[in-house]
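User: I would like to go through this entry and see what each label rests on. Please set each value against its cut-off.

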Amino acid sequence: MAIVRVGFIELWVQDLERSLDFYHGLLGLRVEHREGKSAYLRGYEELEWSLKLTQAPLAAVRSLGFKVDSEEGLEALEAWARREGLPHRLEGDWGRPRVLRVQDPFGYPLAFYFQAEKLPRVLQRYHEHRGPGILRIDHLNLFSPEVGEATRLYQEALGFRLTEYTEDDEGRLWASWLHRKGNVHDVAFTNGEGPRLHHFAYWLPDPLAVLRAADILAGAMRTDQIERGPGRHGISNAMFLYLKDPDGHRMELYTSDYLTVDPDLPPVRWSLNDPRRQTLWGHRTPKSWFLEGSPLLDLEGRPVPTRASRLEGLPQHVI
Ligand SMILES: [Fe+2]
């Protein structure tokens, strides 16, 4: 399949300077370009931008971006969108002349691209690294009222591979982790009112950088923006810290999961009521983490209507 990895996210924010103070000033993401009401940022390992912030009247998610392997791959995805009757169109963006925007059957605003202008390599310009040293975008986590159907479509139509999943005692799928790039996930679906964004995640160099991020937020008297962690997930085995940006968009800082390139890798099953799946060390997860998310926008910039989940209730260990 054509998709290589998650590539970027575009967020609508209500005060661009306040958002840049958070993402650039505190967390150290590099601002590479500003144009109109938008700013383009990247981590220290990336050669392409991965976060676009656009000032807008409401806080929402404009695009969920995926890098594909070629222009032919982009054409194959366009043919898929046409065949399925999905809203789609080609657009240009800064450094990316051909971005295929598609609203998938569940309402997620996907954006696919191959061509991208390469930015200077700054990975080893360590004296310029700021904040916890964020390296690259890692994954998107999406609320879905129909996790089973979404998981199946992303596997069958888009070529994602399942690494881990959560199931209840009746065998119903509550969450799934799907990858293209060879670690635990590029995209995950989690049960809840949707379609919405649950969070987007960036990769840090090591677990100490996760602690460094928490210290930076605390030092800046911004502990109200730390929602959960630091900790180690059961699912994915990664170290994590969840932050809320000034608009309430949830960002995860993430590192140290594992390799998943074997084509016959068996997926890991977790019971919904096993508290170790969320935090391996058994810490409770705040209720806000299960309920709050960011609205999505359609191709015309209108909020995508959401539906409640058919699966009722929260796991027993939720406070
Ligand atoms: Fe995550």
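User: How many salt bridges does a search of the whole structure find?

Analyst: The search finds 27 salt bridges. The term stands for a side-chain nitrogen of Lys or Arg within 4 Å of a carboxyl oxygen of Asp or Glu. This is a predicted model, where local features need pLDDT of at least 70 and side-chain atom pairs count only at pLDDT 80 or more, while totals for chains, interfaces and linings use all residues. Residues are numbered from 1 along each chain as its sequence is written, and side-chain values use heavy atoms, with hydrogens and water left out.

User: What makes R34 and E17 a salt bridge?

Analyst: Their closest N and O atoms are 2.6 Å apart, and the cut-off is within 4 Å. R34 belongs to strand 2 (residues 30-35) and E17 to helix 1 (residues 16-26), so the pair ties together parts 17 residues apart in sequence. Helices (H or I, at least four residues) and strands (E, at least two) are DSSP runs, numbered from the N terminus.

User: Why is R34 called partly exposed?

Analyst: Its relative accessible area is 42%. Buried means under 20%, exposed over 50%, and partly exposed in between (1.4 Å probe, protein chains only). E17, at 47%, therefore also counts as partly exposed.

User: Which residues count as donors of the iron ion?

Analyst: H139 (NE2), H199 (NE2) and E252 (OE) coordinate the iron ion at 2.0 to 2.2 Å. Donors are N, O and S atoms within 2.8 Å of the metal (3.2 Å for Na, K and Ca); water is not among the atoms, so sites may look incomplete. Along the chain the donors follow the spacing H-x59-H-x52-E. H139 in strand 9 (residues 136-144) and H199 in strand 13 (residues 196-203) are 60 residues apart.

User: Why are H139 and H199 called buried?

Analyst: H139 has 0% relative accessibility, so it counts as buried. H199 has a relative accessible area of 2% and is buried as well.
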